[in-house]
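Here is a friendly briefing to read alongside the model. Keep the sequence and the 3D view open as you go.

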Amino acid sequence: GKCSAFNLQPNSSWPYGTEEPPLLSPSAYTALAVLMGLVSAAGILLNLLVVVVSVKHRQQRQPLSYALVNLAVCDLGCAAFGGVPTTVANAMGYFSMGRLGCVLEGFAVAFFGIASLCTVAVIAVERYMVVCRPMGAVKFQTRHAVGGVVLSWLWSFLWNTPPLFGWGSFQLEGVKTSCAPDWFSRNSGNMSYIAIYFLLCFALPFSVILLSYCQLLRTLRQVSMGGSTNRVELQVARMVALMVLAFLVAWLPYAALALTVMLDPSLYISPQIATVPVFLAKSSTMFNPIIYIFMNRQFRDCTVLTLLCGWNPWASAQDSIAGDKTVYTQSNTRKQSYQGLEGEGLC
């Protein structure tokens, strides 16, 4: 029935917590459980390590680090409250937590997921300001990072709570082992919510990320054409390309599926096909800490010190290349850009 506080009325005829004819074979559900279990475990461990290292080592508390740690917290929440229940549901072959469990899981995944997307947008803007406008009037400082983090959480909370009170809903998706905003319902209330949700929580952060990183790549190419290309330039270019590629691979299929369903309600998408974008999006919890943080040499050194109780077996090798980031001396502006890229968290 309908609860007075939350919209718990299901739109589907499937009784939650009971088995319906399976959409996949038992072995396929088991394979999905193993895959999601590995991704969730990696996401929890890696992001927890990011948080611990950042708190323990004061030199990591740069302005950008606030956004990076917030990204780790978001991904940790997605892995714990989304990946783990999905793993259990796939192991059982059906969603067993009932309608309330579906609403809570759907809200948690959407809440942490959109906060993560918004945090990536904050990081994209920071990269644009540091590299493309290093001498601009506005400098990216701690207050900007903290403001971006707070805005990410508030924005996500604002647009993910309406389904709890009747505008929109959370429903089972894919092979019916996880929950998300209902992209398929055709009633006017749900369609209005989904349209606004897609524009403000997917299209807007995507646009900010793509515009910022395209400008960043253009700036790096111009610098490369203007002079000799050193190791730092090449490493930054590869890093940015990898970040954009991984982000698009993880999230763009899910956003494309949602947009396709919105634009063409008559189009049939099999549950098996619809599950692929869901798993790709949830895999971003594992990719983000590797790409955004662990490919940073300074943070990697701090991680080694934390895991090995203060001993870094590669310390001498790192010291021998410590002066690499100051090789470029053709202009103060250019040198400041690369020092910002390497010292603050991306290379």
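Among contacts in the protein between residues at least 6 apart in sequence, 81% join residues at least 24 apart; contact here means heavy atoms within 4.5 Å. This is a predicted model, in which local features need pLDDT of at least 70 and side-chain atom pairs count only at pLDDT 80 or more, while totals for chains, interfaces and linings use all residues. Residues are numbered from 1 along each chain as its sequence is written, and side-chain values use heavy atoms, with hydrogens and water left out.

**Overall make-up**

- The protein has 10 helices and 2 strands; these are DSSP runs numbered from the N terminus, with helices being H or I of at least four residues and strands being E of at least two.
- Along the sequence, the pattern reads α-α-α-α-β-β-α-α-α-α-α-α.
- Of the 347 residues in the protein, 51% are buried. Buried means under 20% relative accessible area, exposed means over 50%, and partly exposed lies in between, using a 1.4 Å probe and protein chains only.

**Helix H1**

- H1 covers residues 26-56, and its 31 residues should span 45 Å at 1.5 Å a residue, which agrees with the 44 Å between its end C-alpha atoms. The expected span is 1.5 Å times one less than the number of residues in the helix.
- The buried residues of H1 include Tyr29, Leu32, Ala33, Met36, Asn47 and Ser54.
- Valine 34 also sits in H1, but with a relative accessible area of 47% this valine 34 is partly exposed.
- Valine 34 and threonine 87 are 53 residues apart in sequence, yet their C-alpha atoms are 7.3 Å apart in space.

**Where H1 meets H8**

- H1 and H8 (residues 297-307) pack at an angle of about 95 degrees, with axes 10 Å apart. The axes are lines fitted to C-alpha atoms, for helices over the stretch in contact, and angles run from 0 to 180 degrees between N-to-C directions.
- H1 and H8 are therefore roughly perpendicular to each other. That label applies from 65 to 115 degrees, while under 35 is roughly parallel, over 145 is roughly antiparallel and the rest is oblique.
- On the H1 side, the contact uses Leu49, Val50, Val53, Ser54 and Lys56, and on the H8 side Phe299, Cys302, Thr303, Thr306 and Leu307.
- By class, this contact has 6 nonpolar, 3 polar and 1 charged residues. Ala, Val, Leu, Ile, Met, Phe, Trp, Tyr, Cys and Pro count as nonpolar, Asp, Glu, Lys and Arg as charged, and the others, Gly among them, as polar.
- In H8, the buried residues include Arg297, Phe299, Asp301 and Cys302.

**Cysteines**

- A search of the whole structure turns up 1 disulfide, a disulfide being a pair of cysteine sulfur atoms within 2.5 Å.
- Cysteine 102 and cysteine 179 form a disulfide, with their sulfur atoms 2.0 Å apart. The torsion about their S-S bond is about -120 degrees, so the disulfide is left-handed.
- The pair links distant parts of the chain, 77 residues apart, with cysteine 102 in helix H3 (residues 98-132) and cysteine 179 in strand E2 (residues 178-181).
- Cysteine 102 counts as buried at 0% relative accessibility, and cysteine 179 counts as buried at 1%.
- Cysteine 78 is in no disulfide, and the nearest cysteine sulfur, that of cysteine 74, is 7.2 Å away. Cysteine 78 is buried, with a relative accessible area of 12%.
- Cysteine 214, at 51% relative accessibility, counts as exposed.
- Cysteine 102 and phenylalanine 170 are 68 residues apart along the chain, and their C-alpha atoms are separated by 7.0 Å.

- Serine 152 lies in helix H4 (residues 142-160) and is buried, with a relative accessible area of 2%.
- Not counting residues up to four places away in sequence, serine 152 touches Ala115, Cys118, Thr119 and Val122.

**Backbone points to look at**

- Most residues other than glycine have a negative phi.
- Lysine 176 is not a glycine, yet has a positive phi of about 65 degrees.
- Lysine 176 is placed in the loop between strand E1 (170-173) and E2, and at 26% relative accessibility lysine 176 counts as partly exposed.
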